[in-house]
Amino acid sequence: MQLALLKALNEERAARRAAIVVTALASGAQRLVKAPDAAKDELREALEKRLRSGKSGTEETPEGKFFLTVFVPPPRLVITGAVHISQELAPMAQRLGYDVTVVDPRTAFATPERFAGIRLLAEWPDKALPSLGIDAHTAFAALTHDPKIDDPALLHAFSKNCFYIGALGSKKTHAARIERLKVQGATDSQLARIHAPIGLSIGAVSPAEIAVSILAEITARLRLGEEKH
Amino acid sequence: MQQEDLLGTAASWRAEGRKVALATVTETWGSAPRPVGSNLVIDGEGNFLGSVSGGCVEGAVVAEALDVIESGKAKLVSFGVADETAWEVGLSCGGKISVYVEPVS
């Protein structure tokens, strides 16, 4: 790999932009295809498929074998609620490679002491979320138990097509939430996307165990996709 | 999920004037421990970061990388149970992998 190509690739990665390195395995010839340029590339179909899956691999073409190294931005996790579970969930998610942001307007909860090393925004979701660039590479967890905070954030997560959406609360709490969100215009298919009660059913008791169950559920959604989970 | 910024490391090692090779898993068969696209970054002294097999064949890949750094020519190498050398370097999982080793020039 030419150093110039490596540097250009690292620039794309630093800016959270997807890119693919195409290597002709026979000749060693290499080029960088930035995501917006994939549509006009000769390997267009293969490139676009791999940008969606995020998986690297070999493509056989009449021109020979090409190895495509795929770089998609690391997933994000946005949490509403600077609560006890979040204190466990945020650092664990960082270990799994997530770029984590915690949002909670309640300044008694949202203190840097409780969230060392975590991006923490002590603001209402309406103000904080639009600037975060939430996208389909983002998981969202609503953990406040407070409809004033969680509901607008859930509506934002729907509109940005987050790959995972989870919400804390019992089945009864969740049924009430569904009714509230319907009134605010959420569709049935959007509401069906909420994982609630949040987390895989592993009998989690402590905040750390609940964090594990949530991250297991997020991982399943990330790696297995919608249909298999 | 990549924990270390291996490609950033490759660029900064090169900027320091070190000779650098990059190894990338291009194919796996059976129960290979690291997915396609995994990287190992190697310098001319044999220092390395990352993983292509969870420790099974890193030593052999580093040796190939030193060759590649020397020759300046990339190569595709395979390890697995079908290959006699695989028994020596030991892919304990019983899988097979191909690794593309290239100089960073």
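**Entry 1, the interface.** I began with the area buried between chain B and chain A, which is about 1,700 Å², with carbon and sulfur atoms giving 58%; buried area here is the accessible area (1.4 Å probe) that two parts lose on being put together, summed over both. I note that this is a predicted model, in which local features need pLDDT of at least 70 and side-chain atom pairs count only at pLDDT 80 or more, while totals for chains, interfaces and linings use all residues. Residues are numbered from 1 along each chain as its sequence is written, chains are lettered from A in the order in which they are written, and side-chain values use heavy atoms, with hydrogens and water left out.

I then looked up the residues involved: 21 residues of chain B are in contact with 25 residues of chain A, contact meaning heavy atoms within 4.5 Å. For polar contacts (a pair of N or O atoms within 3.5 Å, where within protein one must be able to donate a hydrogen and the other to accept it, and residues adjacent in sequence count only if both atoms are side-chain atoms), I find 7 residue pairs between chain B and chain A, both residues at pLDDT 80 or more. On the side of chain B that touches chain A, helix H1 (6-15), strand S1 (20-29) and strand S5 (96-104) of chain B each supply at least two residues; helices (H or I, at least four residues) and strands (E, at least two) are DSSP runs, numbered from the N terminus.

**Entry 2, salt bridges.** I count 2 salt bridges between chain B and chain A, each defined by a side-chain nitrogen of Lys or Arg within 4 Å of a carboxyl oxygen of Asp or Glu. In a salt bridge between the chains, I find the side chains of Arg13(A) and Asp5(B) at 2.8 Å, N to O.

I traced an open sheet of 4 strands in chain A, with antiparallel pairing and the order S2-S1-S4-S3; two strands pair if DSSP finds at least two bridges between them. Its edge strands, pairing on one side only, are S2 (30-34) and S3 (57-61) of chain A. Strand S1 (residues 19-24) and strand S4 (residues 64-71) of chain A pair in the antiparallel sense over 6 bridges, and Thr23(A) stands opposite Phe67(A) in S4(A).

I recorded a cis peptide bond from Ala196(A) to Pro197(A), with omega near -5°, and placed Pro197(A) in the loop between strand S10 (194-195) and helix H8 (207-224) of chain A.
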